[in-house]
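Please look over the sequence and the structure first.

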Amino acid sequence: MHNNCYPFKNLPLEYSFSSLEPFIDEKTMCLHHDRHLQTYIDNLNELLKNELRLQKMPLEELIMFSSRFCCNPYIGICRNAGGVYNHRMFFSTLKKDGASEPGGELLKAICKSYGSVENFKAEFKKAALSVFGSGYAWLLRDKNGLCITTTANQQTPLVCKYKPIFNIDVWEHSYYLKHYNLRNKYIDDWFCVLNWNKAEENYLK
Ligand code: MN3
């Protein structure tokens, strides 16, 4: 990914804020990208301003390194770097158009681990609904195949050495303007704009 080191920039999306309508609304996309993600980027840059050694670390390494400490500035760096990483993953696996179902190697892996795409979607939805408060649900690749997990707040699955394929942001700011408190409707709509081509790319990486 470009711009993977300090100073972090809020890269424009590869699609317009309105292009995920009617599944995810334009205003939500705009606020989510230009305000929520922007705040994590600004906070992270501010925390790294005087940390010359950490400025050279790529985002993933920054998360891994700072997660080993339970004092400041590392707690703040870990939270905000996680916010940048998680949002970049979320936005990069949404699409304007493209495959609406998995294909190729990822389809094979999903069928091997979950029996069918339908079963996989049901399992993933259950996980996304189970996040208490704010967080994410993830599809990950490990040595044995695929697994679904959840993380709280801006924690990432990177520390467990799994390779992320995609995530869904289930913080209320991701859906409240359109779906109000109905997270299950949001998850159904999110499946309609999930970028399966990008997911397979991440799976094969
Ligand atoms: Mn968010």
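This is a predicted model.

**Cis peptide bonds**

Most peptide bonds are trans. The bond from Tyr 6 to Pro 7 is cis, and its omega is near -5 degrees. Pro 7 sits in the segment before helix 1, which spans 26–48. Glu 21 and Pro 22 are also joined by a cis peptide bond. Here omega is about 0 degrees. Pro 22 is placed in the segment before helix 1 as well.

**Positive phi**

Most residues other than glycine have a negative phi. Asn 153 has a positive phi, near 50 degrees. Its place is the loop that runs between strand 2 (145–152) and strand 3 (163–169). Tyr 180 has a positive phi too, near 50 degrees. Tyr 180 belongs to the loop between helix 7 (176–179) and helix 8 (183–192).

How exposed are these two residues? The table gives the relative accessible area of Asn 153 and of Tyr 180.

| Residue | Relative accessible area | Class |
|---|---|---|
| Asn 153 | 42% | partly exposed |
| Tyr 180 | 52% | exposed |

The cut-off for exposed is over 50%. Tyr 180, at 52%, is therefore classed as exposed.

Technical notes: Residues are numbered from 1 along each chain as its sequence is written. This is a predicted model: local features need pLDDT of at least 70, side-chain atom pairs count only at pLDDT 80 or more; totals for chains, interfaces and linings use all residues. Side-chain values use heavy atoms; hydrogens and water are left out. Helices (H or I, at least four residues) and strands (E, at least two) are DSSP runs, numbered from the N terminus. Buried means under 20% relative accessible area, exposed over 50%, partly exposed in between (1.4 Å probe, protein chains only).
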